[in-house]
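Please keep the sequence and the model in view while reading.

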Amino acid sequence: VKLLQPMMGEASAVNNSVSIGVGEEALRTSFTLKVNGEGEEVQVNNELELGITLKNLDMMLELLAEVQEYPFLHFPLKDVLNVDCWLATVVTPILDRYGMRIDEADSGIVLRDFAWAVAEAR
């Protein structure tokens, strides 16, 4: 796991990445679909388990998080682990009546790039 790594040449962007299912244990997720029905001459009771196993999953996320200077410089140390307090320092973009950004497209929190790679999915 790599979180909040600064990017060379980018003043407001941080890089985040995570690898899941690395090593001996693969990541497995599944769910069971149950179909029950009854008619005049037939009764149906079926279970179907659907799942996926991922031996290796790599995700990379490039996130722009522009924070306000004053709240950041006066951030209380007791709230360092509080995500809500960090989100309160983020610049609020100006939106039109439809919720679209008016000025800069890259203000506030912006997902700039997202990529993921899967190896041996079954």
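Does Thr53 count as buried or exposed? At 14% relative accessibility, Thr53 counts as buried, a class that means under 20% relative accessible area, with exposed meaning over 50% and partly exposed in between (1.4 Å probe, protein chains only).

This is a predicted model, in which local features need pLDDT of at least 70 and side-chain atom pairs count only at pLDDT 80 or more, while totals for chains, interfaces and linings use all residues. Residues are numbered from 1 along each chain as its sequence is written, and side-chain values use heavy atoms, with hydrogens and water left out.

Thr53 is found in strand E4, where helices (H or I, at least four residues) and strands (E, at least two) are DSSP runs numbered from the N terminus. Leaving aside neighbours within four places in sequence, Thr53 is in contact (heavy atoms within 4.5 Å) with Ala26, Leu27, Arg28, Glu120, Ala121 and Arg122.

Asn15 lies in strand E2 and, at 23% relative accessibility, counts as partly exposed. With neighbours within four places in sequence again left aside, the contacts of Asn15 are Lys2, Leu3, Leu4, Gln5, Met7, Met60, Leu61 and Glu62. Pro76, by its C-alpha, is 24 Å from that of Asn15 in space, and the two are 61 residues apart in sequence.

**Aromatic pairs and a salt bridge**

Rings of Phe, Tyr and Trp (its six-membered ring) pair if their centres lie within 6.5 Å, and planes under 30 degrees apart count as stacked, over 60 as edge-to-face and the rest as tilted. By this rule the count comes to two aromatic pairs, which are set out here.

| Pair | Centre to centre | Angle between planes | Class |
|---|---|---|---|
| Phe72 and Trp86 | 6.2 Å | 45° | tilted |
| Phe75 and Trp86 | 4.2 Å | 25° | stacked |

Phe72 lies in helix H1 and Trp86 in helix H2, so their pair ties together parts that are 14 residues apart in sequence. The other pair links Phe75, in the loop between H1 and H2, with Trp86 at 11 residues apart. Phe72, at 42% relative accessibility, counts as partly exposed, as does Trp86 at 33%, whereas Phe75, at 14%, counts as buried. Phe72, Phe75 and Trp86 form one aromatic cluster.

Side chains of opposite charge can pair when their charged atoms come close. For a salt bridge, taken as a side-chain nitrogen of Lys or Arg within 4 Å of a carboxyl oxygen of Asp or Glu, the count comes to one. Lys34 forms this salt bridge with Glu47, the closest N and O atoms being 3.9 Å apart. Because Lys34 lies in strand E3 (residues 27–38) and Glu47 in strand E4, the pair ties together parts that are 13 residues apart in sequence. Both Lys34 and Glu47 are exposed.

**The largest pocket**

A pocket is an open set of points on a 1 Å grid over the protein atoms alone, where a 1.4 Å probe fits and protein lies on both sides within 12 Å along at least five of seven lines; lining residues have an atom within 4 Å of a point. The largest pocket has a volume of about 530 Å³, the volume being the space filled by probe spheres set on the points. Of the 22 residues that line the largest pocket, the closest to its centre are Leu4, Val14, Ala65, Val67 and Trp86. Helix H2 (83–88) is among the elements that give two or more residues to this lining, and H2 gives the most, with three residues.
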